Amino acid sequence: GWYGRALVSEREGGLYLAMEPTPAMRGRLEHFHLDTFWVKWEDNTIPDALVTFQMNAQGKVERMKLRATSD
């Protein structure tokens with residue numbers, strides 16, 4: 001499984017995900033559906049993944065799930 005701290009930032013007008021402490025797991029988020037995004041990792045040896053954000057009642061991200069598209 002994947003582990004570590006997920007950092008989402010704005011970069012070049014879009015959202016970008018970095019999984020720390022794994023330097024290879026960095027990539028742009030592309031909207032897929034509702035609160036789900038594709039992440040296209042910069043390292044193309046890592047399978048693209050679907051990232052789903054779960055929001056709390058205040059509209060803040062409470063949880064994030066990653067699922068490799070090769071699963």
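Author: Leu34 lies in the loop between strand S3 (26-33) and strand S4 (36-41); strands (E, at least two residues) and helices (H or I, at least four) are DSSP runs, numbered from the N terminus. This is a predicted model, in which local features need pLDDT of at least 70 and side-chain atom pairs count only at pLDDT 80 or more, while totals for chains, interfaces and linings use all residues. Residues are numbered from 1 along each chain as its sequence is written, and side-chain values use heavy atoms, with hydrogens and water left out.

Leu34 has a positive phi of about 50 degrees, although it is not a glycine. Most residues other than glycine have a negative phi. Leu34 is exposed, at 64% relative accessible area (buried is under 20%, exposed over 50%, partly exposed in between; 1.4 Å probe, protein chains only).

Next, the rings. Two aromatic pairs are counted, where rings of Phe, Tyr and Trp (its six-membered ring) pair if their centres lie within 6.5 Å, with planes under 30 degrees apart stacked, over 60 edge-to-face and the rest tilted. Phe32 and Trp38 form an edge-to-face pair, 5.4 Å centre to centre with 75 degrees between the planes. Phe32 is partly exposed at 46%, and Trp38 is partly exposed at 24%. Phe37 and Phe53 are also an edge-to-face pair, at 5.8 Å and 75 degrees. That pair links distant parts of the chain, with Phe37 in strand S4 and Phe53 in strand S5 (residues 49-55), 16 residues apart. Phe37 is buried at 15%, as is Phe53 at 12%.
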